[in-house]
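Hi,

Here is the structure I promised to pass on. Have a look at it first, and then read on for what turned up.

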Amino acid sequence: MENLSSAEINLLRHNARTMVRELGLLNDAYFDIGVTLAERHLLIELSTCLSPTVGDIAERLLLDKSTASRLIAKAVKKGYVKYLRDKSDKRKRYLQFTEVGRDVLNAFEPIAFNQTKEALLTLTKEEIGTVYRGIELYAKGLKNSRLNKQKSLATNNAV
């Protein structure tokens with residue numbers, strides 16, 4: 001579907017920026033907890049997978065390994081996570097929550113959950129369904145676009 005107008009695209013971009021601002025994602029210190037957006041995403045991912053590697057985190061957060069390594073190094077320095085060495089392969093290191101990291105996650109996760117819940121409660125059931133479907137579709141479109149670019153780059157590099 002190539003017939004999107006500039007006005008339609010700009011309206012979506014405007015609404016996306018408004019949503020980011022309303023969610024407070026531009027604040028470096030989320031609700032005075034002192035955790036950045038990237039750190040929040042790191043902690044959420046650590047809560048959903050058991051002992052990931054730096055590569056696993058990079059893949060989940062769609063970051064290159066060096067960026068993920070810097071993010072994790074800062075989180076280690078803040079005491080949010082620690083490395084565990086593989087007993088059979090000393091080169092492998094896995095990430096694990098520390099008690100501080102779990103406390104930080106437990107501090108911001110209810111805030112984010114309640115913020116979302118309170119926003120949805122202002123909408124009708126049909127509007128809520130539209131929000132779920134719209135965000136799902138937009139995320140799908142963004143992923144498809146990213147994968148198409150990667151595929152195109154790989155094809156161009158192979159030539």
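Aromatic pairs first: with ring centres required to lie within 6.5 Å, the count comes to zero. Please keep in mind that this is a predicted model.

Now to the overall layout. The protein has six helices and two strands, and from the N terminus on they follow the order α-α-α-α-β-β-α-α. How does the radius of gyration compare with that of a compact globule of 159 residues? Such a globule would come out near 15 Å, whereas the protein has 19 Å. Along the principal axes, the C-alpha atoms fill a box of roughly 55 × 50 × 25 Å. Buried residues account for 20% of the 159 residues. The accessible surface is about 11,800 Å², and 57% of this area belongs to carbon and sulfur atoms. Among contacts with a separation of 6 or more, 44% join residues 24 or more positions apart.

The interior is worth a look too. In soluble globular proteins, nonpolar side chains tend to be buried together. Here the largest nonpolar core has 19 residues, and the members that touch the most others are Leu42, Leu43, Leu46, Ile57, Ile72, Tyr80 and Val81. At least two residues of this core come from each of helix H2 (37–48), helix H3 (54–61), helix H4 (65–77), strand E2 (93–97) and helix H5 (99–120). Take Ile57 as an example: leaving aside residues up to four places away in sequence, Ile57 touches Leu42, Glu45, Leu46, Pro52, Ile72 and Leu95.

Thr98 is in the loop between E2 and H5. Is Thr98 buried or exposed? With a relative accessible area of 18%, Thr98 falls under the 20% cut-off and so counts as buried. Beyond residues up to four places away in sequence, Thr98 touches Gly79, Tyr80, Val81 and Lys82.

The other two stand out by their backbone. Most residues other than glycine have a negative phi. Ser51, in the loop between H2 and H3, has a positive phi of about 50 degrees. Leu62, in the loop between H3 and H4, also has a positive phi, near 60 degrees. As for accessibility, Ser51 is partly exposed at 28%, while Leu62 is exposed at 53%.

Best wishes

Technical notes:
Residues numbered from 1 in each chain as written. Predicted model: local features only at pLDDT ≥ 70, side-chain atom pairs only at ≥ 80, totals over all residues. Heavy atoms only, no water. Phe/Tyr/Trp six-rings, centres within 6.5 Å; stacked < 30°, edge-to-face > 60°. Core = buried A, V, L, I, M, F, W, Y, C linked by side-chain atoms within 4.5 Å. Buried < 20%, exposed > 50% of the residue type's maximum accessible area, 1.4 Å probe, protein only. Helix = DSSP H or I, 4+ residues; strand = E, 2+ residues; numbered from the N terminus. Contact = heavy atoms within 4.5 Å. Rg over C-alpha atoms; globule rule 2.2 N^0.38 Å. Areas by Shrake-Rupley, 256 points an atom, 1.4 Å probe, with all protein chains shown as cover.
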